[in-house]
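Q: I am new to this structure and would like a close look at a single part of it. Could you walk me through the place where the chains meet, and then through what surrounds it?

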Amino acid sequence: MGTVVLENIEKWYGRTQACADINLCIENGHFFTFLGPSGCGKTTILRLIAGFIHPDRGSILLGDEDITSLAPEQRNVGMVFQNYALFPFMSVIENIEYGLKVQKRSKASIKQKAERYLAMVGLEGLEGRAVSDLSGGEQQRVAFARSLAIEPKVLLLDEPLSNLDARLRDNMRAELKRLQTQLGITTIFVTHDQTEALTMSDQIAVFDKGACIQTGSPEEVYQNPKNSFVAQFIGETNLLSVNSESAQQSTLAKKLLTATDSDGMHISIRPQTIRVSVEPNEEDYCLEGLVEDKSYNGLTTELSVRADDILFRSIQLSSTPSQETILVGQKVFISFSKSDLHILER
Amino acid sequence: MVHRRHPDSIVKYSGLFLLLFFLIGYILFPAMKTVETSLTANGGFSLVHYQDFFSSETARLPLVNSILLGLLSVFVCGGVGISLAFAIHFYEFPLRSIADKLLLLPLVMPGIIIVFAFVQLYGESGMVTKALQLLLKLESSPFALSGLPGILIIHAYTQYVYFYITVSIAIKQMDYSAIESASNLGASRRRVFCSIILPFLKPAIIAAAAMTFISGAGSFTAPSIIGGDFKVLTTQILLSKANNYMEIAATQVSLLTIISLLFFIIFRIYEAKSQFISSVKGVSFKPVIIVNPFTRIITHTIVWLVIGSILLPLATIILVSFVPSSSWMVNYFPQEFTIENYTETFSSSRKLQPFFNSTVMALLAAWVGLLVAIPSSFVIVKTKLKAKWLVELLTMLPWAIPASAIAINIINAFNKPSIFSLNEVLVGTSILLPLGYLVRTLPVVVKTLNVSFQNLNENYIEASKSLGGSSFYTFRKITIPILYPGIIAGFLLIFIRSIGEYTVSVFLYNASNKPLSIAMVNGIFEYNIGLAMAYGTMLIFLTFFLSSIMNMLLKRSPRKHAESQL
Ligand SMILES: Nc1ncnc2c1ncn2[C@@H]1O[C@H](COP(=O)(O)OP(=O)(O)OP(=O)(O)O)[C@@H](O)[C@H]1O
Ligand SMILES: [Mg+2]
């Protein structure tokens, strides 16, 4: 019922292509995240689904219905805006009741429903407040309650957490996920924050320059990035460019080239899979290098080691025994196994 | 790639065409007609009117006087307005909001009323003047409110508001942390003022100076009534018009307009130069406490005295409206009170006619004004049309043209048939005066509405639609509630500014639409002072009542409108 399908969607703004042949299927009840850098077209797709703009090509299906040319008010798609867009001259409860009044329900049912959603976002007692007298986090909750109250088939969220400070953002993240799971509502969430994407989503779609590069579960996207863009955008990584030219300068590149038997590729090695030790060991790959930088981040410690003229970053738990003794300027060995290498499409 | 054609683009462009037709026809075309008239002699192009003007000492002098009056007004009003803004908004001030409201009164009160109140109080046989004479046992009046000093006093009283409003707003927006950090770095108070506070306020001060110069140099009401031998361009323009020397009037108007525009542009460039981008969102300003109790008491006393002197003239008008006109022949001070001035006015349809005329014309100007201002603001704020700058320029143009010039422009444009007058001669008809009111108030109204349209964020409309509201429902429940305070306020603004308007009225009224302000002046010159003051009192209450409604409405909208009310 809440499944959203985008087929061959294209959207142009004058000469800039905001969406290039997008094909997506967003399963009913999923928490689906659009992730990508600024200007890659995330908002545009959201607004296409909401119906504020129309695609130049392709079609949008919601459930079994083709909604491509339907007006926004006929779609039953809820949207939470980045700036919340709460109606400034209405109180909290009037904002939440707005969509219910449109549906011409009975007075009693409007009141009951609005109060239920107000309670759901934890704002009991603030019914009569002017929205301008609320804190950022409270405004956020009103915006959620207002969109949820109409019980939409799909909930669209355009960077809803970006206006909150870090602490509040963490709280709202958890609460939002709780609400979504509780209601089982199909949710499309836009962000350019990878942590948000990885922690909350059932599925992630990574965008770049108007195109959808990869879709998959957080684990899939993180562990098997399709190309160097995805690898760099999601999580930290060591990216090696391996080809006949670099093989002449670097013994590691040469070894990798012969091992994989191809003529050129990018290889990604996640920092947490690189071990640093004082003594050499028997891993598939083991290189000698010099520690250039060390930074302690509480739970983890990050080391930058130059080996084979490449700067490797390694992140290990601070409690790993060898970590404490390694100092900047020291000679060390870095090692990683074959299974930690990810060969990327170019 | 498929291009979608907007089905409503025909509506859009014909709307824009109508708007531009109006703005060009009733603002630009009249100004151009005046320039053309001033450059025409014996049916051909000629500079002879300008040559005559500049070769005659008596013709030149009023021009010099006008510029002088403009500049002096800037200094006097700047002094008064900036001091008041500091006293009330920079320092802690008891009853700030009441004092603030009272200080804004001269903005809405018709100028003609204030001039007469001053004459009643400080004129040669004014009540204050005579009281002083008796007190000091002088042979003759100690002073007379006339000439350049007289005009300047009235300007100080009516035009300080520009400085007061803009500087007050700038003070409130000042970044308090900058002041604190400067003091923290060891700067002396004087240094903090010169290096921190002044740069913050400079753009506001310059903007106010531009407005004050234009209204000072183009002032007509005060010079025409108490100017005496001090002749300025605006009064000369009326003389030329009365003698039907329209080419000379056109020349004088062109010169006055050019000077206004010139100063306007100079100030604008200067303002742009002193503009700065404040780095981050600072700490909002908190008023400073005057520590020295002596200084504090002196400051507060002076401010309340000023406020008292602002209320005094209005109180005088109301008082005098209850005094029989005939008693002024024998007494300097009112001895008896009566309501006969009012009963007389209300029982004679002839005497009530001016009130009726002004109301009808102000209403007409307000309705048509909205019809023009709403689409103009919409185009300026909400569209990316190429013609947007033209709409903005044309709606703001009357702001830099003195009222007398607007009136002459309208006469020059409509004394012959043109497409803008639907091929009729309009001079002599009653339509010109409301048109003049409209043109004169258009910039203020467009500015007020611009704020409303800026409040109308696109996201509100989208949010409403995504909640299921149809276009019509959204328009009713979201668009109108956001716009309506600005729209009603705009309507009232045109009405208030028009109902007691004097300058445009003098130039454009005729026997069948004599407005209230002209009836007041006639009353005075016919020694029917009581009647004139009864008109004045009605005007004061009406304006006061309507502007209270207007302020209430503007306060309800999220963004501050005060700035746009100028
Ligand atoms: N109304 C518009 N007119 C013209 N170009 C637009 C318009 N809206 C978006 N674009 C362009 O389309 C592209 C995609 O914009 P979009 O807003 O979808 O990006 P985004 O991924 O949401 O970025 P951000 O993370 O910064 O919000 C950008 O290049 C943008 O400049
Ligand atoms: Mg966006």
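**Where the two chains meet**

A: Across the interface of chain B and chain A, the rule finds one salt bridge. Please keep in mind as we go that this is a predicted model. The partners in that bridge are B:Glu462 and A:Arg47, whose side chains meet at 2.8 Å, N to O. The pair crosses between chains, with A:Arg47 sitting in helix H1 of chain A and B:Glu462 in helix H20 of chain B. Over all chains, the count of salt bridges by this rule comes to 20.

Now let's step back to the whole contact. Chain B brings 22 residues to it, and chain A brings 26 residues. How much area is buried between chain B and chain A? The figure is about 2100 Å², and carbon and sulfur atoms give 63% of it. This kind of number is a handy one to have, because the size of an interface is often given as the accessible area lost when the parts come together. As for polar contacts, three residue pairs are counted between chain B and chain A, with both residues of a pair at pLDDT 80 or more. On the side of chain B that touches chain A, helix H20 (458–466) and helix H21 (471–499) each supply at least two residues. Sorted by class, that side of chain B has nine nonpolar, nine polar and four charged residues.

Several side chains of the shell come with distances to oxygen atoms of ligand 1. For A:Lys42, a polar side-chain atom lies 2.9 Å from such an oxygen. For A:Thr43, an N or O atom of the side chain is 2.5 Å from an oxygen atom of the ligand. For A:Thr44, the distance from a polar side-chain atom to a ligand oxygen is 2.4 Å. Taken alone, ligand 1 exposes 630 Å², and the protein buries 59% of that.

One last stop in chain A is A:Thr3, which lies in the segment before strand S1 (4–13). A polar atom of the A:Thr3 side chain is 3.5 Å from the backbone nitrogen of A:Asn28. Leaving aside neighbours within four places in sequence, A:Thr3 is in contact with A:Cys25, A:Ile26, A:Glu27, A:Asn28, A:Leu61, A:Leu62 and A:Gly63.

Terms used:
Residues are numbered from 1 along each chain as its sequence is written. Chains are lettered from A and ligands numbered from 1 in the order in which they are written. This is a predicted model: local features need pLDDT of at least 70, side-chain atom pairs count only at pLDDT 80 or more; totals for chains, interfaces and linings use all residues. Side-chain values use heavy atoms; hydrogens and water are left out. Helices (H or I, at least four residues) and strands (E, at least two) are DSSP runs, numbered from the N terminus. A polar contact is a pair of N or O atoms within 3.5 Å; within protein, one must be able to donate a hydrogen and the other to accept it, and residues adjacent in sequence count only if both atoms are side-chain atoms. Contact means heavy atoms within 4.5 Å. Accessible areas come from the Shrake-Rupley method with a 1.4 Å probe; for residues, only the protein chains shown count as cover. Buried area is the accessible area (1.4 Å probe) that two parts lose on being put together, summed over both. A salt bridge is a side-chain nitrogen of Lys or Arg within 4 Å of a carboxyl oxygen of Asp or Glu. Ala, Val, Leu, Ile, Met, Phe, Trp, Tyr, Cys and Pro count as nonpolar, Asp, Glu, Lys and Arg as charged, and the others, Gly among them, as polar.
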